[in-house]
Structures are given as structure tokens and as C-alpha cells.
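Dear colleague,

Please find below the structure that I am handing over to you. The findings follow directly after it.

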Amino acid sequence: MFKKKAHTAPEATFKETWQEGDWATKLSFIIMGISQLKNKQWLKGLVFLLSEVIFLVWFFYNGISAISLLGSLGKIKKLTRVFDKNQGIWVTKQPDSSMVILLFGLISIILIALLLVLYYVSLKSTRHLYALNRDGKHIPTTKEDLASLLDTRLHQLLMFLPLAGIFAFTVTPTIYMITMAFTNFNQYHPIGFSWTGFQAFGEILTGSMAGTFFPVLGWTLVWAVAATATTFVFGVLLGLLIESKGIKFRGVFRTLFVIVFAVPQFVSLLMMSMFWDNAGPVNSWLQRMHWITEPIQFLQNANLAKLTVIVTNMWIGIPVTMLIVTAIIQNLPQDQIEAARMDGANAFQVFNKITFPQILFVMTPALIQQFIGNINNFNVIFLLTGGGPLNSKFYQAGSTDLLVTWLYKLTMQSVPNYNIAAALGIFIFIISAVFSLLAYRRTNAFKEG
Amino acid sequence: MHSYKRQQRLSLSLRYLLLIALVIVWIFPIAWIIMTSFSVNLSGFVSTFIPKQWTLSNYAKIFNNKLYPFGSWVLNTFVIAVICAVVNTFTTTVMSYSLSRLRFKLRKPFLQFALVLGMFPGFMSMIALYYMLKAIGMTNLAGLTLVYIGGAGLGFYIMKGFLDTVPKSLDEAAELDGATKWQIFIHIILPMDRPMIIYTSLTAFMAPWTDFIFPSIILSTDSAKNKTVAYGLYNMMSNTKGLSSQYFTAFVAGCVIIAIPITILFIILQRYYVSGITAGADKG
């Protein structure tokens with residue numbers, strides 16, 4: 001049943017279908033659905049025919065103008081005064097909204113692409129009908145077609161709506177944002193903007209944004225390594241401690257730690273930012289103990305803030321690793337450990353040769369995922385420090401800002417730099433893709449080993 | 001032998017001590033949150049751990065505040081969460097079954113496509129989505145719900161991983177008996193999939209309660225009433241930073257109300273969470 005399908009040549013070529021087919025078949029190359037209707041596949045034929053009609057009406061009323069504007073993204077780029085000859089007065093013209101033009105142009109292109117796909121599907125169906133007629137075989141009726149949707153073509157029925165959702169709410173916005181990286185949609189061109197090719201990328205790598213980009217990128221990578229490594233190492237140690245010999249109420253201990261991770265992050269992290277505040281409980285307690293006179297600038301000093309962020313992340317992240325490690329330890333082959341003990345291995349040797357390799361084996365994919373997740377770890381930075389403390393050398397970024405939080409800030413101001421933000425998003429994509437690729441190869445290597 | 005036993009006992013008590021110390025460090029901030037929600041406070045942060053004066057007024061305040069209509073937020077979020085739980089569970093189940101059990105030409109390309117799509121930072125599409133919703137006049141709770149539902153088709157990894165482990169001989173046997181794919185899906189796969197369906201619906205239900213980013217982008221221009229809990233509370237905190245003294249404890253009380261059910265749900269679900277993470281190792 002799940003055997004790979006052998007690649008078979010199509011029952012007829014498109015050329016043969018066109019040359020040998022009857023008038024309906026030929027007509028189907030121009031008007032979709034004719035051959036289906038002639039062969040009494042009413043539903044299919046109507047769907048093809050109607051989609052072509054609707055598409056053409058839309059295309060001539062809207063599509064052409066939407067696409068023709070795409071090249072210039074609107075003629076008027078800023079507020080201009082033009083002399084209206086008919087009325088004999090000067091009028092102020094608002095700039096064309098390039099954002100809307102871009103959106104509708106993009107949607108038009110996507111619709112055209114979808115119609116082309118549909119056209120190909122209809123051609124294939126026409127060819128199939130031609131071949132069935134030629135060989136004198138039975139032509140499935142609408143009823144049989146619908147029945148096949150519940151069996152051989154079930155995936156089409158099931159995946160249609162989810163795929164439509166993915167296209168509308170993930171693919172389209174992603175493409176939309178990618179295209180913005182190639183415009184000058186920034187603080188100087190907030191409404192009417194134009195295509196500028198790779199200028200935004202150049203600005204990030206060598207231009208005015210480079211002084212912010214490289215330090216932020218550096219800290220993003222340092223953060224991702226530190227956050228992943230600390231939660232992993234200490235999580236493993238905590239897991240070993242809980243699972244060590246003689247400890248009772250393991251479930252209770254596990255749950256107590258997991259509570260921290262289970263609390264919604266916007267609660268726990270916002271509260272943590274209060275906790276470390278200059279007037280927060282930590283500082284006031286230390287002051288009351290007379291250990292310090294001045295509050296420690298946990299979140300205000302750039303270096304200390306970085307440390308605070310990593311430490312707080314350990315508080316949230318260690319329980320997750322612990323949870324996984326305890327699950328792995330419980331599933332370890334006990335006879336292997338017993339055998340090692342009989343041969344005189346001590347606890348450290350058992351850990352080093354049996355327990356830890358197993359933990360590493362199971363956790364490697366998760367670790368790499370965590371690493372990529374940490375590169376994009378918006379919540380911890382945004383809720384804890386908001387990227388701060390402010391860094392006057394950076395363009396709209398603070399000392400603890402990651403690439404993602406900087407991206408967010410660039411888009412959330414009154415005069416946003418969307419092109420820079422979009423280009424940053426593409427850089428983040430490249431970084432994630434590179435590490436995912438490494439991860440993919442690594443897990444495959446493990447599989448073979 | 002005697003000294004060995006003593007050494008063992010010493011080691012055990014040291015480990016217990018360490019564990020208890022760690023638990024205290026971990027639980028302390030959480031306990032502080034809960035204590036704060038019960039304390040009388042007029043001066044901003046609460047810096048004492050045990051409240052000087054116990055009160056329930058913070059909880060009363062959060063429910064009776066016209067400026068921050070917590071009750072409507074909870075109701076909004078509940079409606080969205082129920083819709084998400086139903087629709088997203090359906091979507092995830094259907095996608096996982098198709099991608100795990102059915103074989104069609106575009107299966108592999110789609111899996112690769114989904115992988116690549118997932119590498120783009122979510123923020124990119126978020127901001128574009130805001131403009132798309134604005135173009136059709138849906139920067140409101142309905143638009144937010146659409147966004148939550150629309151992206152759900154990509155969240156199939158955990159359930160697909162689970163279905164991949166269900167033996168395929170079950171399907172084959174049913175097919176020999178003349179069952180269609182649809183009948184196999186309904187009568188064989190769905191019953192086996194029940195734990196994953198419960199997990200998916202609960203996580204889908206939990207997500208709107210904790211997400212504050214999407215609502216903060218999409219609902220920012222809507223009225224105070226039309227917000228979700230997480231965004232409303234976050235907004236309350238960041239808007240009133242200067243005045244936080246007045247609302248701080250009420251904010252904390254609101255957080256506690258939301259956090260308790262979410263935390264309990266997560267603790268119940270933790271074993272599914274673990275299997276979701278470790279599943280990657282077997283699958284590669």
C-alpha cells in the first residue's frame with residue numbers, strides 16, 4: 001500500500017490530445033471545463049468554467065491596473081501641489097499609498113499563479129478524458145468523482161481548507177514582507193516608496209545600520225549560545241540530582257520546578273523585571289541587610305543586564321531540560337548500567353559512558369531547536385529589559401536587544417523603517433536556515449550511526 | 001561497612017538540602033507574585049515578601065475597573081480560545097493524518113516547504129498581516145481569531161510524529177476488508193489519536209491566554225473593551241508605568257487569576273510536552 005509509485009509515462013501527451021481530440025477537447029485548451037461538461041462531468045466542468053469566467057472578469061476590472069502599478073508603486077511619492085487646468089487652481093495631491101498598491105499587486109500575482117495551476121489541472125483532466133475516450137474506457141461520473149474524494153483523493157478534501165489558511169495567513173504576508181526589503185519604505189518615505197533593489201541590505205551590512213547590526217548580531221549569537229548551554233548543563237545536573245539514588249517524592253520536586261515554566265511568560269517575566277528593578281525586592285532586601293548601600297543596576301547597566309537576562313532565562317529554561325532528562329533517565333536500559341556496575345564502573349563512569357551519551361543523543365535535535373528558538377527569543381528580552389538599557393551608539397536598539405526585538409522596534413515606531421526590518425527578517429531567516437541545515441545533517445548522521 | 005552507610009546517609013541529606021535550596025530559589029519569585037496579589041499597597045512595588053496587611057481588595061479591584069475591563073477581556077479570550085481549540089484541533093488532525101498516512105505527489109515538497117516557511121521569523125508576517133487585515137477592515141477580535149486559525153495548518157509536527165509510530169498494518173488490514181481512506185481515518189486513526197487530540201486542543205486553548213504580541217499589533221487601535229487578557233494586562237502594566245503604584249497589585253491579581261488555570265493545565269500536559277520534544281530523536 002505504501003510502496004513508492006513507479007514513474008509511468010502519461011497515458012497521452014498534450015500534443016496528441018490537441019491534435020487527435022474532438023472539438024470539445026480542443027476548446028478546453030482555451031475555455032476550461034468544456035470537455036468535462038461534454039463528458040457529463042457536470043460539477044467539475046462547471047467549477048473549471050466558472051473559475052475562468054470569474055478570474056477574467058476580475059482581471060479586466062482590477063487585475064490589470066493592480067499589476068501595472070506594481071512597477072512604480074504609485075506615481076506621486078510625496079505631497080505635491082499641481083495646477084489643475086480644468087478648475088484653474090492649485091491643488092494639493094496626497095502621495096499614493098505604495099503599501100496598498102504593493103499588497104494588491106502581490107495578491108493579483110498570487111491569484112494569477114493560482115489560476116495557472118488550475119489551468120494545468122484542467123488540462124490534465126482533459127487529457128485524461130481524451131485517453132479514456134480513445135481507449136473506450138468508463139468515464140467517471142460526478143457521483144463517482146465525489147466518492148473518490150473520500151478515498152483515493154482524500155488528501156485533497158482534507159487539506160484544502162488548511163492549505164488555503166496557510167496561503168492567506170502565512171505565505172502571503174511573508175512574501176509581502178520580503179518584497180518590502182527591496183524598497184525604500186523607511187522614515188523618509190513613509191507613504192510613497194519605490195523599488196530600490198538591495199539598498200536596504202547594503203545599508204545594514206556597510207551603511208548607517210552596520211554600527212548597530214553587527215553588535216546586535218554578536219550579542220544575539222552570544223546570548224543564544226549562553227542561554228542554550230546554561231539551561232542544558234544545569235538542567236542535566238538538576239535532572240541527575242532528582243533521579244539520584246535515594247531521593248523520594250521525585251514527582252513533587254519535578255512539579256515544583258515545572259511550575260516556573262508553566263506560568264505564562266508575560267506574567268513571570270514581567271514580574272521578574274520588577275524583581276530585579278532598582279526599587280524591587282532583591283535590591284531592597286540587600287539594602288535592608290546592609291550588604292549594599294546603592295541599588296545594584298541589574299537591568300540598567302549594559303553588561304549586568306546581559307548577565308541578568310541569561311540568569312533569568314536559566315530560571316525558566318532549566319526546568320524544561322530537567323523534565324526531559326528525568327524522562328530519559330527513567331527509560332535508560334537498567335541492565336546495561338547494572339552490567340557496568342558489576343564490571344566495577346563507578347558512578348562517574350556510568351554517567352560518562354552510558355547516561356550522558358544517551359541524553360545527548362535524544363536531546364541533540366531539541367538542543368539545536370532551542371538554539372534557533374533562542375536566536376528568536378522575543379519574550380525573554382522584550383518582557384525583561386525591553387532591549388534596554390538604551391545604547392546611544394545604536395540606531396533604535398538597546399544593549400540587550402536581539403535581532404528580533406530590534407526588528408520589532410524598527411516596525412513599531414511612529415516613523416517605521418520597514419525596509420530595514422524586512423531585510424533583518426531575511427538575515428534571521430538565513431541564520432536559522434543555516435543552523436537548521438546543520439541540525440538536519442547532524443540528526444541524520446546520528447540515525448546512520 | 002558502618003562508615004559506608006554513614007557516608008551514604010550524609011550524601012543523601014546533602015542532596016536533599018541542595019534540592020530544597022534550589023526549590024526555594026525557583027519558587028520564591030512565584031510565591032512573591034502570589035503574596036503581592038494579597039497585599040495592601042499604595043506605593044508601587046511591594047518589597048516585603050510577607051504582606052504587612054492581607055487583603056482581597058486587589059481581586060475586587062481588577063474586576064471592577066472601568067478603565068481596564070478585565071471581565072470583558074476574560075470573556076473575549078475565552079471565546080477566541082474555544083474557537084481556536086475546535087478549529088485548530090480539526091486542522092492539525094486532518095493535516096497530520098494526510099501527511100502521515102496518505103501518499104500523494106506533493107507530500108514531500110509540501111513538508112520541505114513547511115520547514116522553510118517555519119524559518120522566517122514570525123514577526124515578519126505579523127506586521128504584514130496587520131496591514132492586510134487593515135485593508136479589509138478587520139483589525140479587531142475577529143481578525144485576531146482568523147490569524148490564530150489561519151496559521152494552524154503548519155502546527156502538525158507533534159501529531160504527525162505520533163501518527164508515524166502507529167503501525168501501518170492497521171490501515172492495510174482495514175483496506176483489505178474494503179474500507180475507504182475516509183473510513184480508516186474515522187474508525188481507526190481517530191480513536192488511536194485521542195491523546196494527541198486532547199493535547200492539541202488544550203494547547204490551542206491555552207495559546208490565546210498567553211499571547212500578547214499578536215493582539216498588541218492587531219488590536220492596538222480598538223477600544224479598551226475589545227482586548228484579550230494577556231494584551232490587556234500587558235498594556236495595563238506598560239501604560240501605567242508611572243502610575244503603576246495605583247494598579248500594580250491589581251495587575252498582579254489579574255495575572256494570578258490567569259496563571260493558575262494555565263499552570264495547572266500545563267502540569268497535567270507535561271508528559272505530552274516531553275514526548276513532543278524527544279520525538280525528534282527517533283524521527284531524525
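**Helix packing between the chains**

Helix α5 of chain A and helix α5 of chain B are roughly perpendicular to each other. The model is a predicted one, and the remarks in this message should be read accordingly. The packing angle of α5(A), residues 98-134, with α5(B), residues 122-135, is about 90 degrees, and the two axes are 11 Å apart. On the α5(A) side the contact is formed by A:Met99, A:Val100 and A:Leu103, and on the α5(B) side by B:Tyr131, B:Met132 and B:Ala135. In this contact six residues are nonpolar, with no polar and no charged ones.

Helix α5(B) also packs against α7(A), at an angle of about 100 degrees and with the axes 8 Å apart. An angle from 65 to 115 degrees counts as roughly perpendicular, and α7(A) and α5(B) are therefore placed in that class. From α7(A) the contact takes A:Phe169, A:Thr170, A:Pro173, A:Thr174, A:Tyr176 and A:Met177, while α5(B) supplies B:Met124, B:Ser125, B:Ile127, B:Ala128, B:Leu129 and B:Met132. Divided by class, the residues of this contact are nine nonpolar, three polar and no charged.

One residue of α7(A) deserves a separate note. A:Tyr176 belongs to α7(A), which covers residues 154-180. Is A:Tyr176 buried or exposed? It has 23 C-beta neighbours inside 10 Å, and A:Tyr176 therefore counts as buried. Leaving aside residues up to four places away in sequence, A:Tyr176 touches A:Leu103, A:Leu106 and B:Ala128.

**The interface as a whole**

In total, 71 residues of chain B are in contact with 75 residues of chain A. Helix α13 of chain B, residues 244-283, provides the largest share of the chain B side, with 13 residues. That side consists of 49 nonpolar, 15 polar and seven charged residues.

**Individual helices and their dimensions**

The 37 residues of α5(A) should span 54 Å at 1.5 Å a residue, and the end C-alpha atoms lie 53 Å apart, which agrees. Just after this helix, A:Gly136 has a positive phi of about 65 degrees. Helix α10(A) has 13 residues and reaches 18 Å from its first C-alpha to its last, close to the 18 Å expected at 1.5 Å a residue. Several residues of α10(A) are buried, among them A:Phe253, A:Arg254, A:Phe257 and A:Phe261.

In chain B, B:Ile213 is located in helix α11, residues 213-218. B:Ile213 has 18 other C-beta atoms within 10 Å and is therefore partly exposed. The C-alpha atoms of B:Ile213 and B:Met126 are separated by 9.0 Å, although the two residues are 87 residues apart along the chain.

Most residues other than glycine have a negative phi. Which value does phi take at A:Phe249? A:Phe249, which is not a glycine, has a positive phi of about 55 degrees. This residue lies in the loop between α9 (210-243) and α10 (250-262) of chain A. A:Phe249 has 12 C-beta neighbours inside 10 Å and so counts as exposed.

A:Gln396 likewise has a positive phi, near 50 degrees, and is a residue other than glycine. A:Gln396 is in the loop between α16 (378-384) and α17 (403-411) of chain A. With 18 other C-beta atoms within 10 Å, A:Gln396 is partly exposed.

**Annotated transmembrane regions**

For chain A, an unreviewed UniProt entry lists transmembrane regions at residues 42-61, 100-121, 157-178, 216-241, 253-276, 307-329, 350-372 and 418-440. In the model, residues 42-61 of chain A are 100% helix and 0% strand, with the end C-alpha atoms 28 Å apart. Residues 350-372 of chain A are also 100% helix and 0% strand, and their end C-alpha atoms are 31 Å apart.

For chain B, an unreviewed UniProt entry gives residues 12-35, 73-98, 110-133, 139-159, 196-218 and 247-269 under the same feature name, "transmembrane region". The stretch 12-35 of chain B is 100% helix and 0% strand, and 32 Å separates its end C-alpha atoms. For residues 73-98 of chain B the content is 100% helix and 0% strand, with 37 Å between the end C-alpha atoms.

Yours sincerely

Note on methods:
Residues numbered from 1 in each chain as written. Chains lettered and ligands numbered in written order. Predicted model: local features only at pLDDT ≥ 70, side-chain atom pairs only at ≥ 80, totals over all residues. UniProt positions renumbered as here; feature names shortened; annotations may be inferred. Helix = DSSP H or I, 4+ residues; strand = E, 2+ residues; numbered from the N terminus. Contact = placed C-beta atoms within 7 Å. Nonpolar A, V, L, I, M, F, W, Y, C, P; charged D, E, K, R; others polar. Axes fitted to C-alpha atoms, helices over the stretch in contact; angles between N-to-C directions. Parallel < 35°, antiparallel > 145°, perpendicular 65-115°, else oblique. Expected span 1.5 Å × (residues − 1). Buried ≥ 20, exposed ≤ 12 C-beta atoms within 10 Å, placed from the backbone.
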